[in-house]
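Dear colleague,

I am handing over the structure we spoke of, with the sequence and the coordinates placed just below. Please look at both before reading my notes.

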Amino acid sequence: MISIFKDGDASIWIPVAKGKNGGPARAFLPINGLEGTYRYGYKAAPSTGGYFDALRDVQQSFVENEHKVFVVNSGRKEEKQYRARWRHGNETGSPLLGPTLGWVRVQVDRLDELAESHLEKALPEGVKFAELPTADVEPVLCDSPESLEHEASKLFLETKLGKPLGQAAPASQMSSTEQFVRDAAVVAYVLRDARGICECCVQSAPFTKPNGLPYLEVHHVKRLASGGSDKISNAVAVCPNCHRELHHGANSVELAESLYSKVSRLERE
Ligand SMILES: [Zn+2]
Ligand SMILES: [Zn+2]
């Protein structure tokens, strides 16, 4: 269930209406600006207010399921109307919408950069309440292969995972061999993006891990030891054969080079 917005809250629930006849979904975003006025409420008895007041009222009406029966068509018909509705736009005849698709919680400071399509995507079939993934995921730093594997599997299985920020210059730590403190979010994101297919030879992962995830390894195209970044734009998910070849093959330079044209996520460093 949603919560009613209070001044100072960092996030806010936005109602989203199904598109008409398969058209795009419509959301109650500040399309008239945060300072503009909005029409909402009963079709037969509309209200107007500023963006946050109007949205709060729509939220409250939804939580309380406010409805009333109005006599319409010059007294010829009774119609049950719900108050958790809003006008999409300010023009006369702009549609009156309700939260028929669901509600999406977004960060208040992102309100002016969001499009209705972002909110629509956050609500797959059957989901009524969802949170918009945050734009950038802070690094989840891991200083051992075990913790990296553990954290990355956890993140992989999370339903929301935004784009990781990664690290421009991961710290190295000396043990018997040089190791780097790596970001598990980068690993999880790249593995998800690969969808179980090696990004080098384009074959399926050779086997499945006990936790059900396809086995692929994350390789940095420009090596961390050569100053490569720990970012999704420098990492690929590859099968163990390709990984060995990328490190030890006679054609490893050409093979690495070929990745830049195969994987659109990559950027040269
Ligand atoms: Zn491969
Ligand atoms: Zn590697």
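What follows is a description of some helices and some individual residues.

Please keep in mind throughout that this is a predicted model.

I begin with the pair formed by helix 3 (residues 145-157) and helix 4 (residues 184-194), which pack at an angle of about 50° with their axes 8 Å apart. That angle makes helix 3 oblique to helix 4, and the crossing in which helix 3 passes helix 4 is right-handed. On the side of helix 3 the contact is made by L148, E151, A152, L155 and F156, while helix 4 contributes A184, A185, V187, A188, L191 and R192.

Helix 1 (residues 51-63) has 13 residues and reaches 18 Å from its first C-alpha to its last, which is close to the 18 Å expected at 1.5 Å a residue. Its buried residues are A54, L55, D57, V58, Q59, S61 and F62, and these pack against strand 1 (11-17), strand 3 (37-41), strand 4 (46-50) and strand 7 (86-87). Helix 1 is followed by N65, whose phi is positive, near 50°.

Most residues other than glycine have a negative phi. N73, in the loop between strand 5 (67-72) and strand 6 (77-82), has a positive phi near 55°, and N73 is exposed, because 8 other C-beta atoms lie within 10 Å. R195, in the loop between helix 4 and strand 17, likewise has a positive phi, near 50°, and R195 counts as exposed because it has 12 C-beta neighbours inside 10 Å, where the cut-off for an exposed residue is 12 or fewer.

Two separations along the chain may also interest you. F207 is found in the loop between helix 4 and strand 17 (217-220) and is exposed, with 9 other C-beta atoms within 10 Å; F207 and Y42 are 165 residues apart in sequence and 57 Å apart in space, C-alpha to C-alpha. K121, which is found in helix 2 (residues 116-121), is partly exposed, with 14 other C-beta atoms within 10 Å, and the C-alpha atoms of K121 and A25 are separated by 9.4 Å, although these residues are 96 residues apart along the chain.

Methods: Residues numbered from 1 in each chain as written. Chains lettered and ligands numbered in written order. Predicted model: local features only at pLDDT ≥ 70, side-chain atom pairs only at ≥ 80, totals over all residues. Axes fitted to C-alpha atoms, helices over the stretch in contact; angles between N-to-C directions. Helix = DSSP H or I, 4+ residues; strand = E, 2+ residues; numbered from the N terminus. Parallel < 35°, antiparallel > 145°, perpendicular 65-115°, else oblique. Left-handed = near helix turned anticlockwise from the far one by under 90°. Contact = placed C-beta atoms within 7 Å. Expected span 1.5 Å × (residues − 1). Buried ≥ 20, exposed ≤ 12 C-beta atoms within 10 Å, placed from the backbone.
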